[in-house]
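Trainee: I have a model open and would like to go through it with you. Can we start with the terms and then move on to the details?

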Amino acid sequence: MSQSKIVVEAAERNKEPILKVLEDVIPEKFGAGSPSLSALEISSGSGQHVVYFAEKFKNIMWQPSDIDEKYIESIKGFIADENLENVKSPLVIDITKKENEAWGLRDVDDLEKEAKKNGMTFDAMFNMPANNKILVWLKSEEKELA
Ligand SMILES: C[S@@+](CC[C@H](N)C(=O)[O-])C[C@H]1O[C@@H](n2cnc3c(N)ncnc32)[C@H](O)[C@@H]1O
């Protein structure tokens, strides 16, 4: 087993509820037996989630990312141990510094503004067990992400 792997209890607890939402949303939005899809996971953390989802959705090429080197190494450890062909090597992506270091997404209104700017439309919200939520936005084909 890879030494770099970090196991986070909260990630272990919520991977199943998140999977249930993905199992609901992905076939509905992209069609059952969807052709090859790609998914970018922002702030992947340990990598527990991406390998779990990749095992369930073999038709999706998963791209994990995080800002923290210890998580990048942990993700690499999970990928190596699970021997999955549909997970790419993790990227270092900082989601806050590009526009303004003080900027962050704090509430749904902020998310809605960013989504609108990028041609994305709110679609659905799912309650998670630990008092948090999954929100789904869909992007029209015509507009490239800003
Ligand atoms: C609470 S963890 C969530 C991890 C994972 N998605 C999960 O559900 O278990 C938050 C993650 O955000 C990452 N993070 C913090 N600041 C970031 C930034 N500026 N850009 C990208 N990721 C960042 C952290 O390194 C950490 O992995």
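Mentor: Terms it is. Helices (H or I, at least four residues) and strands (E, at least two) are DSSP runs, numbered from the N terminus. On that basis Leu138 is found in strand β5, residues 133–139. Residues are numbered from 1 along each chain as its sequence is written. This is a predicted model, where local features need pLDDT of at least 70 and side-chain atom pairs count only at pLDDT 80 or more, while totals for chains, interfaces and linings use all residues.

Trainee: Is Leu138 buried, exposed or partly exposed?

Mentor: Leu138 is partly exposed, because it has 13 other C-beta atoms within 10 Å. A residue is buried with 20 or more such atoms within 10 Å of its own C-beta, exposed with 12 or fewer, and partly exposed in between; C-beta atoms are placed from the backbone.

Trainee: And what does Leu138 touch?

Mentor: Leaving out residues up to four places away in sequence, Leu138 touches Lys29, Met120, Thr121 and Asp123. Contact means C-beta atoms, placed from the backbone, within 7 Å.

Trainee: Back up a bit. How many helices and strands are in the protein chain?

Mentor: The protein chain has 4 helices and 5 strands. From the N terminus on, the order is α-β-α-β-α-β-α-β-β.

Trainee: What about α1, where does it bend?

Mentor: At Lys15, by about 35 degrees, and Pro17 follows within four residues. The bend is the angle between axes fitted to the seven residues ending there and the seven starting there. Just after α1, Gly31 takes a positive phi of about 95 degrees.

Trainee: New topic. Which residues make up the largest nonpolar core?

Mentor: There are 11 residues in all: Val50, Val51, Phe53, Ala54, Trp62, Tyr71, Ile72, Ile75, Phe78, Ile79 and Val87. Both α2 (48–56) and α3 (69–82) supply at least two residues of this core, and α3 gives the largest share, 5 residues. A nonpolar core here is a set of buried Ala, Val, Leu, Ile, Met, Phe, Trp, Tyr and Cys residues joined through C-beta atoms within 7 Å.

Trainee: Which residues does Val50 touch?

Mentor: Again not counting residues up to four places away in sequence, Val50 touches Glu41, Ser44, Trp62, Pro64, Ile75 and Val87.

Trainee: Last one, which residues come nearest the ligand?

Mentor: Ala11, Ser43, Gly45, Ile67 and Asp68, out of 14 residues around the ligand (C-beta atom, placed from the backbone, within 6 Å of it).

Note on methods: Contact = placed C-beta atoms within 7 Å.
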